[in-house]
Amino acid sequence: MEVHTHLGPGLLESLYEDALCVELASIGIPFERQVETVVDYKGVPLRSQRLDVVVDRQIIVELKSVERVHEVHKAQLLSYLRMSKLPLGLLINFNTQHLRDGLNRVINERALPTPPSPLRPLRSKLPS
């Protein structure tokens with residue numbers, strides 16, 4: 001929010017990335033930027049893909065400065081999450097009047113731990 005309030009909409013994605021990283025560093029949140037991750041295809045490593053920002057080695061932050069976020073942007077982030085095996089991503093479009101309108105959360109359900117079932121296993125009655 002601070003970055004958007006300070007810079008406003010319509011700038012280059014790289015400027016928002018720079019400013020976001022300044023903010024994360026100033027409040028002590030661990031992050032890495034332009035993280036290279038190798039894409040695996042059927043066990044064969046392909047070229048690497050760069051992720052904008054990875055926060056605390058858990059959340060991918062994909063930054064945009066576009067007129068409108070399309071489904072393909074969300075699908076792109078989901079692909080990044082799947083290849084990196086991370087559970088959560090934030091797609092932030094800074095090109096909005098109000099930043100709340102540019103926030104999108106994407107969940108990689110393949111990376112989430114399976115919660116234990118609240119049901120007990122059924123026991124069959126054995127004849128006595």
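Student: How many residues lie between β1 and β2 in their hairpin?
Tutor: Strands here are DSSP runs of E with at least two residues, numbered from the N terminus. β1 and β2 pair in the antiparallel sense over 9 bridges, where pairing needs at least two bridges found by DSSP. In the turn of this hairpin, K42 has a positive phi of about 50°. The number of residues between the two strands is 2.

Tutor: A quick note on the source: this is a predicted model, where local features need pLDDT of at least 70, side-chain atom pairs count only at pLDDT 80 or more, and totals for chains, interfaces and linings use all residues. Residues are numbered from 1 along each chain as its sequence is written, and side-chain values use heavy atoms, leaving out hydrogens and water.

Student: Which residue in the turn between β2 and β3 has a positive phi?
Tutor: β2 and β3 pair in the antiparallel sense over 3 bridges, and V53 has V61 in β3 as its bridge partner. Their hairpin has 3 residues between the strands. The turn residue with a positive phi, about 55°, is D56.

Student: Do β3 and β4 run parallel or antiparallel?
Tutor: Strand β3 covers residues 59-64 and β4 covers residues 88-93, with 6 bridges joining them.

Student: What is the strand order in the open sheet?
Tutor: The sheet has 5 strands with mixed pairing. Its edge strands, each pairing on one side only, are β1 (31-41) and β5 (103-107). The order is β1-β2-β3-β4-β5.

Notes: Helix = DSSP H or I, 4+ residues; strand = E, 2+ residues; numbered from the N terminus.
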